[in-house]
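Work through these exercises with the model open beside you. Try each task before you read its solution.

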Amino acid sequence: MTKYTTGIFYHPSFSRRSYLTVGTRLAGFPTALDKILKSDKVKLYEPGPIPKELLLKVHTPDLIEGVKGDPLCSTAWHSAGGVVLAGEKIAEGENTNAFAFIGAGGHHSGRNFFGGYCCFNDVALCILNLREKHGLKRFAILDTDAHHGDGTRELFQDDPDILHVCLCGMNYESPDGTKVDVSYANPSGSRWAGRPVNEVYFDLVAQHFPPRVARFKPDFIFWYFGFDTHQGDYGDIGLTGPCYWNIALLMRELAEKTCGGKLEVVLGGGSQTRLATYLIPPIIETLAGSPGERP
C-alpha cells in the first residue's frame, strides 16, 4: 500500500452546488489544487455516497426523508461519504491526515433535526464508523465554525469519550470537562481592544484545545474548519488567512504529538469562492508538510 501524508476528498458536485451558498463556493476546485496535487505526499479521492445503513445508526428515518426532500441537500450523501472515507483511509494507514471538502455541512444536524446549511452529521457518522470498523474509541473535535455545533453536541452530549470544544458565542464546560464552549467577543468589543483579532482568536484555540487534548489522549482528532469567520463572509469576526493557517499548523503538530498524526480537517461554513480558493490550499500544504516543517 502506497502511503500518502494527506488525503484530499472531493466530489465534482461540490463545485456545482452547495447548501452553504446555494451556489458554487467551490467553483475554483479542484483546479486550485493543481500545484499541490503534483506532490507525492498527497492523493485526491472522489468519494461515493454514504450508505443508508450507516445513516440509520446516527439519524432517524424521518430526518433522512427530510434530507431527501430538500433540494439544497443534494450533495449531502457524497459530503458525508467523503468525511467517512477520509477517516477510514487514515485509520488504515494509507493517509496520515486528510482534508475533506463538503457540499452540505454537518455540525447543525442532530439525531432528528437538521438545518443551518447542514444535512447529515458527517463527523458523527465518521466516528461511529471508525469505532465499529477500526476499534478507535476516543475522539477530540475542535469546531471553529462561526456558529455553535449544536447537532454534534446533541449526539455526543453523554459520551465521555468525545472531547468537543467549540469556539462560539457562549462559555460552558460540562462537569466532566469533555464538552466545552469558548466565547469570542464581537471584534468591536473591549475584549479585543488593542490586540489583533487573529492573535486573540488563535490564543483562544491554543489555550483551550491542546491542553485538554493532552489530558484526554484521543485516538483521532477532527478540526471542523469554517471560514465564515473571515472578513467579509457571513459570520465575519474579522479573521484573515494567517489565523487559519496557524491553527492548521497547531493542529497538525498536536496530532503528531498525541495520536500518531491522525487528523481530519472537515470543511464547514463559508460562502465566498475567492476565500475558499485563497484559504484552503495553504491549509492542505500545511497538512502535507514534514514534521516540524512550515509551509
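**Exercise 1. The largest pocket**

How much space lies in the largest pocket? Then find what lines the pocket.

Solution. 
- Step 1. Keep in mind that this is a predicted model.
- Step 2. Take the volume: the largest pocket holds about 200 Å³ of space.
- Step 3. Assign the lining to elements. α1 (52-58), α3 and α4 (122-134) each give two or more residues. α3 gives the most, with four.
- Step 4. Sort the lining by class. Seven residues are nonpolar, three are polar and five are charged.

**Exercise 2. Two helices side by side**

Describe how α3 and α4 pack, and name the residues that meet.

Solution. 
- Step 1. Start with the geometry. The two helices pack at an angle of about 35 degrees, and their axes are 8 Å apart.
- Step 2. The crossing of α3 with α4 is right-handed.
- Step 3. List the α3 side: A80, V83, V84, G87, E88 and A91.
- Step 4. List the α4 side: D122, V123, L125, C126, N129, L130, K133 and H134.
- Step 5. Sort the contact by class. Eight residues are nonpolar, three polar and three charged.

**Exercise 3. The sheet and its helices**

Write down the strand order of the nine-stranded sheet. Why is one side of β2 and of β6 left without a neighbour in the sheet?

Solution. 
- Step 1. Read the order across the open sheet: β2-β1-β3-β9-β8-β4-β5-β7-β6. The pairing is mixed.
- Step 2. Go to the edges. β2 (42-45) and β6 (172-173) stand there with a single partner strand each, so one side of each has no neighbour in the sheet.
- Step 3. Examine one pair. β4 (residues 139-143) and β5 (residues 162-168) run parallel and share five bridges. In this pair, F139 of β4 stands opposite I162 in β5.
- Step 4. α6 (residues 197-208) lies across β4, β5 and β7 (179-183), at about 160 degrees to β5.

**Exercise 4. Two backbone details**

Is the peptide bond from F29 to P30 cis or trans? What is phi of Y117, and where does Y117 lie?

Solution. 
- Step 1. Check omega. From F29 to P30 it is near 0 degrees, and the bond is cis.
- Step 2. Check phi of Y117. The value is near 75 degrees, positive in a residue other than glycine.

Notes:
Residues are numbered from 1 along each chain as its sequence is written. This is a predicted model: local features need pLDDT of at least 70, side-chain atom pairs count only at pLDDT 80 or more; totals for chains, interfaces and linings use all residues. Side-chain values use heavy atoms; hydrogens and water are left out. Two strands pair if DSSP finds at least two bridges between them. Contact means heavy atoms within 4.5 Å. Axes are lines fitted to C-alpha atoms, for helices over the stretch in contact, and angles run from 0 to 180 degrees between N-to-C directions. On a 1 Å grid over the protein atoms alone, a cavity is a set of points where a 1.4 Å probe fits but cannot get out, and a pocket is an open set with protein on both sides within 12 Å along at least five of seven lines; lining residues have an atom within 4 Å of a point. Grid points are joined across faces, edges and corners, and a volume is the space filled by probe spheres set on the points. Ala, Val, Leu, Ile, Met, Phe, Trp, Tyr, Cys and Pro count as nonpolar, Asp, Glu, Lys and Arg as charged, and the others, Gly among them, as polar. A crossing is left-handed if the near helix is turned anticlockwise from the far one by less than a right angle, and right-handed if clockwise.
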